[in-house]
Amino acid sequence: MKKTMKKMMAVLLIMAAAVMAFGCGAAKTDSEYVKSNKKLVVGITDFAPMDYQDSNGNWIGFDADCAKLFADKVLGVGVEFVEIDWDNKSQELSGKNIDCVWNGMTLSDEVKASMDCSEAYCNNAQTVVVKKENASTYNSINALKELTFAVEAGSAGEAVVKELGFKYVPVQTQADTLLEVSAGTSDASVIDALMAAAMVGEGTGYSGLTYTIGLNSEEYGVGFRKGSDLTAMLNKFFDDYKKDVMEIAKKYGVEASIIQ
């Protein structure tokens with residue numbers, strides 16, 4: 001009886017060890033996970049000149065093109081761009097709906113606490129956008145205090161207007177903030193300076209708007225899941241492909257903002 005019990009215990013221990021070994025072997029790094037899926041899923045919003053669609057519906061822009069280059073040269077996979085609710089970017093990432101957030105994302109304390117972030121690759125600021133006829137009036141912090149701002153929910157722009165105590169209405173995207181100001185439903189908006197330079201003023205879709213003053217200075221980074229091996233791989237990519245990255249930056253007119 002004792003021998004039988006010992007044999008049963010031995011078999012159970014072997015089975016348990018096999019299960020543990022199988023479990024450990026099944027765990028994949030983020031890069032292995034992406035390669036097995038044969039694509040890097042990138043969370044974005046419509047944010048020119050970083051991520052936006054061309055006339056054929058293809059995603060282009062400085063960030064989009066860099067993501068394609070990284071996926072191809074470093075991981076050997078394609079890219080799938082997924083539009084996300086910016087306010088839920090951390091949940092989208094941790095839930096594996098996306099593999100990274102690569103969309104002119106400000107490296108705020110909140111972002112760095114919830115994601116593994118790359119080194120900063122681009123300088124930026126939050127800037128105020130108003131109708132052209134109001135530009136000379138709303139060009140100081142004091143003059144802005146009575147305005148109602150449209151800001152993207154969960155964005156650095158929202159954080160700045162909160163900090164300054166301004167009245168604001170959260171909307172889904174930065175592009176929506178410009179629609180609000182253009183329609184007169186909000187007095188002003190706060191968006192990324194790079195976006196303002198690309199989308200506001202003469203020769204743009206919002207020629208009746210202009211940007212006035214910057215409210216801060218900040219840096220962009222790419223966010224991955226906590227503990228991801230992709231973070232170090234992307235940092236190395238930015239070092240190894242500096243020339244290619246700068247060519248992409250020149251293509252979209254953001255070369256002056258790139259950190260080298």
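Helices (H or I, at least four residues) and strands (E, at least two) are DSSP runs, numbered from the N terminus.

A note on the source: this is a predicted model, where local features need pLDDT of at least 70 and side-chain atom pairs count only at pLDDT 80 or more, while totals for chains, interfaces and linings use all residues. Residues are numbered from 1 along each chain as its sequence is written, and side-chain values use heavy atoms, with hydrogens and water left out.

**Entry 1: β9**

I looked up the neighbours of β9, counting two strands as paired if DSSP finds at least two bridges between them. Five bridges join β9 to β10 (residues 167-171), and these strands run parallel. One of the partners I noted is V171 in β10, for E152. β9 also pairs with β11 (residues 188-192) in the parallel sense, over two bridges; there, A150 has S189 as its bridge partner.

I then checked burial (buried is under 20% relative accessible area, exposed over 50%, partly exposed in between, with a 1.4 Å probe and protein chains only). Four of the five residues of β9 (residues 148-152) are buried, so the rest of the structure largely encloses this strand.

**Entry 2: α10**

Next I took α10, where L230, T231, L234, N235, F237 and F238 are buried. Seen down the helix axis, the buried residues of α10 fall within an arc of 155 degrees, so they line one face; the arc is that of the directions from the axis to the C-beta atoms. On the other side of α10, I found A232 and K236 exposed.

**Entry 3: pockets**

For pockets I used a 1 Å grid over the protein atoms alone: a pocket is an open set of points where a 1.4 Å probe fits, with protein on both sides within 12 Å along at least five of seven lines, and lining residues have an atom within 4 Å of a point. Grid points are joined across faces, edges and corners, and a volume is the space filled by probe spheres set on the points.

The largest pocket has a volume of about 560 Å³. Of its 33 lining residues, S108, V111, G154, S155 and A156 are the closest to the centre. α7 gives the largest share of this lining, six residues.

The second largest pocket has a volume of about 220 Å³. α10 (230-240) and α11 (242-251) each supply at least two residues of its lining; N235 and F238 are among the lining residues.
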